[in-house]
Amino acid sequence: QKPVQGPQAVILQEGEDAIINCNSSKALYSVHWYRQKHGEVPVFLMVLLKGGEQKSHDKIVATFNEKKQQSSLYLMASQLSYSGTYFCGSETQ
């Protein structure tokens, strides 16, 4: 089963923050985050392998809450280089 992301779309001005959530109805083993710029292939950002884990890539931070079966991606002080489509993939039990 595919994870559910929300919100579906976020429009930001430079310097603004946003949160994108990735939820699953099944227990998550790992969560993978990607960014795809228009007309390009997806680029891997990071993988979270255990609950409570937090990783960052520039000013993009991802967290993994195993109990809630949720991962959140925080775009902080957004920059033009952050533009694109973000999506998660997951391995479930």
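The model is predicted, so local features need pLDDT of at least 70, side-chain atom pairs count only at pLDDT 80 or more, and totals for chains, interfaces and linings use all residues. Residues are numbered from 1 along each chain as its sequence is written, and side-chain values use heavy atoms, with hydrogens and water left out.

**Exercise 1.** Work out where Glu53 lies and whether Glu53 is buried or exposed.

Start with the location: Glu53 sits in the loop between strand E4 (43-48) and strand E5 (54-57). Strands here are DSSP runs of at least two residues, numbered from the N terminus. Next, its relative accessible area is 16%. Buried means under 20% and exposed over 50%, with a 1.4 Å probe and protein chains only, so Glu53 is buried. Finally, leaving aside neighbours within four places in sequence, Glu53 is in contact (heavy atoms within 4.5 Å) with Leu48, Ala62, Thr63 and Phe64.

**Exercise 2.** Describe how E5 and E6 pair.

Strands pair if DSSP finds at least two bridges between them. E5 and E6 run antiparallel over four bridges, with Lys55 opposite Ala62 in E6. Then look at the turn: two residues separate the strands of this hairpin, and Asp58 there has a positive phi of about 60°.
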